Amino acid sequence: MIGPHMAFVIAHLPKTVWAGVVAILLTPVVGGCTRQPPAESTENADATENPGLTDSGQLTANALPTGDAQASGSPMPNAGQGDEVAPLHEVAPRSEAAAANKTAPIQVPQTITSGMNGQGKQLAHDLSPEKLRTFLSEADVEMRMIVSGESGIEDEATAIGQLKRIVSLKREASRRLIEHADSSPRERSIGRRGELQSLSHLASMGDLKSAESLQELAEELQNDSDPDVRSDSQLVLIGFAIENLRNGKSEAAAKVVSQIDRLLQSSAAPDAATLMVMGQARDALMQFEHVEEASRVRSMILEEFVEPIENGADEASEMVGLADMARQIAGPSLQVSEATRRVQQLMQQFITEANENTTAADSAVSPSDWKEAVQTLADEQPDLLTTQFLAGASLEAETVGREDLMSVTYQVLDDKFASLQDDRGREARAAIQARDNRQKIIGKAFDPDLPSTQGEELSLESYRGKVVLMPFWSAAFPDSLLVVDNLQEIARQYPEKVAIVGMNLDVQSTDVPAFESRNKISFPSFRSVSDPEASVANSIAYRFGAVSLLFVAVIDQSGQVHTLEFSGRDLTPVVENLLR
């Protein structure tokens, strides 16, 4: 099967100066088959208006070589689909004119290799527009099957060769559909989109001539009467503008911004592909220090995707999801606000005071000053970055023992963000829940029913009478073990009274024993397997309110959790206090 090796295939695709352009926005596999009901349920299919489902499973752009930066996969529309399959972003009803121009549904099998007797797909002569559309859909499916491994091709070079052959046929079929005397206007649009996609596929596989043809075609079609063709073409041109920026061409930054503005002005509705490309543009502009242009793109992301949701103008579920994504892609304001600067100054002040052992009573940072600063920041910049920043600030206050400041910050998070049903709300609720869990675990007995990382029995019962230092760690985050040197030094000072027992948090597939062997980890550890797909990724970490690594639980001689430490500071005073 080719699936497990596809990363190797993509890593070895030829790189050209155009690779970054096409990978920014074009998926090399369109995956555009219209799924039909099972045979026994198709009897009355013509009487229904239910659209087929888009079969994705695409090889996304983030798997392609992208030169200076890796792209976020941006799905392109499916050239092989008829108009009966609505794009995921389409929420408005079609106009009567569009309905009148609707093409007939195509019956496309869910798999096509079974009828091919192992032979590659061929493009017959004299195909009708309907059969050309079917060919495009089948070509998309066959490419998807090659990439996913379903085709049975095991050799990487063979897989690439087959992809190139199918894409070339797809381009030819698209050209025929455009030029066919019997094609409807909608079918010609499908052909134009198919040709754009075909050229992008070939360019992504290192074909320089195809990349040049892609740019020429996109320039020709950027004013097309069909909004989908127009949008596809403009996305391509934004990609080329970004590539010009990376190559140091003059006026490229202004061209990126103007091309994005043109796309937004002419598009019917914002979609994920547009958002991803705008994010790539913002990052590229920042990388080459075009701060003013990057700020403009950031503002356009927020204006297009976030503000309509926050103002209640668009409550469609798919747009709410895009708004959450857009907040993250837009990132923080590129100029530090006075409110942010004020919170940063106060935070640095109380951290410095903690390092100098200044008490809260003698601190220059009063709870009232701190509350005013964080409240102002939350009011002026109520975005996801502010939520995350305040969650981090509350953790800093907790770390240095400023519970008064910690409580104020969590209260602002609760009042301002926790009730929101978006990423800001989830971030705030997670921070508050973790704080609550950390408070609840203190003083509780802890002896998990878990095996060791070596698959053996391990129990804290055998450590009764000793202080147990429990670092939470993961092979995926080696820095989580930086605290171990301090823990080992303490254990060497008190060999009969202190022990180290770790808590490993790696996912199931991690070879933890091999990691321990390579890194000479001598202390035993419990194995608490993490599942990133679960609602709670790791129940032990959740119970302890561990939101970051470094993280150490100090368990006293009776087996109760005494202290949680996540600053990386020396734990010797804590241990010595317990040993008195």
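Helices here are DSSP runs of H or I with at least four residues, strands are runs of E with at least two, and both are numbered from the N terminus. The model you are looking at is predicted: local features need pLDDT of at least 70, side-chain atom pairs count only at pLDDT 80 or more, and totals for chains, interfaces and linings use all residues. Residues are numbered from 1 along each chain as its sequence is written, and side-chain values use heavy atoms, with hydrogens and water left out.

**Exercise 1. Place Q234 in the fold: which element holds Q234, and is Q234 buried or exposed?**

Step 1. Find the element: Q234 sits in helix α8.

Step 2. Learn the scale. Buried means under 20% relative accessible area, exposed over 50%, and partly exposed in between, with a 1.4 Å probe and protein chains only.

Step 3. Apply the scale: Q234 has a relative accessible area of 1%, so Q234 is buried.

Step 4. List the partners. Contact means heavy atoms within 4.5 Å. Leaving aside neighbours within four places in sequence, Q234 contacts Q222, Q259, R262, L263 and S266.

**Exercise 2. Classify A428, Q381 and S567 as buried, partly exposed or exposed.**

Step 1. Begin with A428, in helix α17. Its relative accessible area is 0%, and therefore A428 is buried. Not counting residues up to four places away in sequence, A428 touches T387, L413, F417 and A418. From A428 to Q388 there are 40 residues in sequence and 7.8 Å in space, C-alpha to C-alpha.

Step 2. Go on to Q381, in the loop between α14 (367-380) and α15 (384-399). With a relative accessible area of 17%, Q381 is buried. The partners of Q381 are S337, T340 and T386, again not counting residues up to four places away.

Step 3. Finish with S567, in the loop between β6 (561-565) and α21 (572-579). Its value is 36%, so S567 is partly exposed. S567 and V400 are 167 residues apart in sequence, yet 8.1 Å apart in space, C-alpha to C-alpha.

**Exercise 3. Describe the largest nonpolar core: how many residues does it have, and which have the most contacts inside it?**

Step 1. A nonpolar core is a set of buried Ala, Val, Leu, Ile, Met, Phe, Trp, Tyr and Cys residues joined through side-chain atoms within 4.5 Å.

Step 2. Count and name. The largest core has 29 residues, and I260, M278, L285, V297 and I301 have the most contacts inside it.

Step 3. Trace the helices. At least two residues of this core come from each of α8 (227-246), α9 (252-266), α10 (272-287), α11 (291-310) and α12 (317-330).

Step 4. Zoom in on M278. Beyond its neighbours within four places in sequence, M278 is in contact with I260, L264, V297, M300, I301 and F305.

Step 5. Look elsewhere. Another core, of 27 residues, lies apart from the largest one and includes A339, W370, M406 and F417.

**Exercise 4. Summarise the whole chain: how many helices and strands does it have, and what share of its residues is buried?**

Step 1. Count the elements: the protein chain has 21 helices and six strands.

Step 2. Consider sequence separation. Among contacts with a separation of 6 or more, 70% join residues 24 or more positions apart.
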